[in-house]
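Hi,

Here is the structure I promised to pass on. Have a look at it first, and then read on for what turned up.

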Amino acid sequence: MYTKLVSFVLNGEPVSVRVDPFELFVDVLRDKLYLTGTKKGCGEGGCGSCTVLVDGAAVNSCLLPAMRVDGTSVETIEGVEENGELHPLQTSFIEKGAVQCGFCTPGMIMSAKALLDKNKSPSKEQILEAVSGNICRCTGYVKIEDAIEDAARTLRKDAVKGGSHD
Ligand code: FES
Ligand code: FES
């Protein structure tokens, strides 16, 4: 079968992996690159648990042919912490009770990060829009929205202090 070597930046590190034309990126991440933080729920674009960032945009990796990531920069939940410290989104999700079973959490955080990377003062509507493709069966959405608002506050404070997390 025809295969192709795709090369891209994954969580800041260059990687190359051989894929076939039918492979989906979520499967390559989990089964070939062993990054199992990205979850596979519905497998058809309906739940958001497989969300990763491709060139900064939140994407359902279960719908993304792996060949399409060639030349891109990809961020997964494993790349969100910095220097061994949790990202404010991760801290806020824990502190605000926005995690129960945790299956949706990586996808939620990646969708929220796509928003906060561009806009650290989002409105409630913008937050809800950012996670509108992510389903949570456990928490309801209020605590998730609270956590994202809380993380945005932390990021604004960090920006004043000259911190990173961009
Ligand atoms: S597993 Fe990709 S959207 Fe559900
Ligand atoms: S915490 Fe269980 S699905 Fe969201």
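Let me start with threonine 76, which is buried at a relative accessible area of 0% (buried means under 20%, exposed over 50%, and partly exposed in between, with a 1.4 Å probe and protein chains only). Threonine 76 sits in the loop between strand S5 (73-75) and helix H2 (88-95); helices (H or I, at least four residues) and strands (E, at least two) are DSSP runs, numbered from the N terminus. The side chain of threonine 76 makes a polar contact of 2.7 Å with the side chain of glutamate 78. A polar contact here is a pair of N or O atoms within 3.5 Å; within protein, one must be able to donate a hydrogen and the other to accept it, and residues adjacent in sequence count only if both atoms are side-chain atoms.

Some housekeeping: this is a predicted model, where local features need pLDDT of at least 70 and side-chain atom pairs count only at pLDDT 80 or more, while totals for chains, interfaces and linings use all residues. Residues are numbered from 1 along each chain as its sequence is written, chains are lettered from A and ligands numbered from 1 in the order in which they are written, and side-chain values use heavy atoms, with hydrogens and water left out.

Now the aromatics. A search of the whole structure gives one aromatic pair: phenylalanine 8 and phenylalanine 25, edge-to-face, with 5.6 Å between centres and 75 degrees between the planes. (Rings of Phe, Tyr and Trp, the last by its six-membered ring, pair if their centres lie within 6.5 Å; planes under 30 degrees apart are stacked, over 60 edge-to-face, and the rest tilted.) Phenylalanine 8 belongs to strand S1 (residues 4-10) and phenylalanine 25 to helix H1 (residues 25-32), so the pair ties together parts 17 residues apart in sequence.

Cysteine 42 is partly exposed at 33% relative accessibility, and cysteine 101 is exposed at 58%.

Lastly, serine 16 is in strand S2 (residues 13-19) and is partly exposed, at 45%. Serine 16 and valine 6 are ten residues apart in sequence, with 5.4 Å from C-alpha to C-alpha.

Best wishes
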